[in-house]
Amino acid sequence: MIAARCVTLLVASLLIAGCGSARVIREPVMRHPVAGPVRVSAPQYGATATVQRGETLYHIATGHGISVLDLAMWNDVPPPYTIYPGQRLRLYPADHLPRRAPVAVATAHPPNAVQKRLPSAPSVTTTAAPPAPYSPPALNPPASSPFAWTWPADGTLASRYVAGEPTRQGIDISGQAGQPIRAAADGVVVYSGSGLVGYGELVIVKHDDAWLSAYGHNRARMVNEGQRVKAGQQIAEMGHSGAASDMLHFEIRYNGKPLDPLLYLPKR
């Protein structure tokens, strides 16, 4: 079903590991390279990668400048996210196929060797038009959301969403280390971990069959996978894991596709 696939593919980068018994997670922060804005992907339209023996989804994604999250979604790779030698993976979303320019075909001359061309008939060479540059269509967000979204953190808006810009698929809210990060709407935690490079300590909340929200760069995560949360409930502490300064990277996704959070958050 769309709902299950959307959730499982969104956490495609989850490291397969045993779950601890603690109800509240406060692990030492993993040291990631400072990455600045979150890198989502750099699609290579029309290109594919053939899986070689020993390669993983993570290896192929990072090797081509694509997030594991997007590579899994683009290829419908189900959990436990196993790929096989010889398998071909698209390096671009299936619904954004590259445009093909029309190719003009010259009219062939009759194969009669005796036929002569009239002196007045000039020789014409027909060439194919250069391919038109590909530009992904703008994403049209749903007209309305079934939730009354709330701001996930206090602070200053440091970076806005930009459609089609791989490094700006959400918003960044700057603040102080340790301040509360709150769930933006009621839901269930479907990921709590640090396995997605560039997001640091990350929490993902599923709100219904289509809507998800993501909270990155935390100092500490305070919820476990499968835990139900309420809008406004603290789920993490602000930090800078995977970022240059203390901030929250916040995304809203509809059927796996990022939307501008400012279209749904209340004005302030």
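This is a predicted model: local features need pLDDT of at least 70, side-chain atom pairs count only at pLDDT 80 or more; totals for chains, interfaces and linings use all residues.

Me: How far apart in space are D172 and H217, C-alpha to C-alpha?
Reply: Along the sequence, 45 residues separate D172 from H217. Leaving aside residues up to four places away in sequence, D172 touches residues including T156, S159 and H249. Between the C-alpha atoms of D172 and H217, the distance in space is 9.8 Å.

Me: How many of the residues of helix 3 are buried?
Reply: Helix 3 spans residues 68–75 and is largely enclosed by the rest of the structure. Its buried residues include D70, W74 and N75, and the count of buried residues in helix 3 is eight of the eight.

Me: Which residue forms a salt bridge with E201?
Reply: The closest N and O atoms of the pair are 2.6 Å apart, and E201 lies in strand 7 while its partner lies in strand 8, so the pair ties together parts that are 20 residues apart in sequence. Both residues are buried, and the partner of E201 is R221.

Me: Is E237, which meets R219 in a salt bridge, buried or exposed?
Reply: The side chains of E237 and R219 meet at 2.9 Å, N to O, linking strand 10 with strand 8. R219 is partly exposed at 39% relative accessible area, whereas E237, at 11% relative accessibility, counts as buried.

Key. Residues are numbered from 1 along each chain as its sequence is written. Side-chain values use heavy atoms; hydrogens and water are left out. Contact means heavy atoms within 4.5 Å. Buried means under 20% relative accessible area, exposed over 50%, partly exposed in between (1.4 Å probe, protein chains only). Helices (H or I, at least four residues) and strands (E, at least two) are DSSP runs, numbered from the N terminus. A salt bridge is a side-chain nitrogen of Lys or Arg within 4 Å of a carboxyl oxygen of Asp or Glu.
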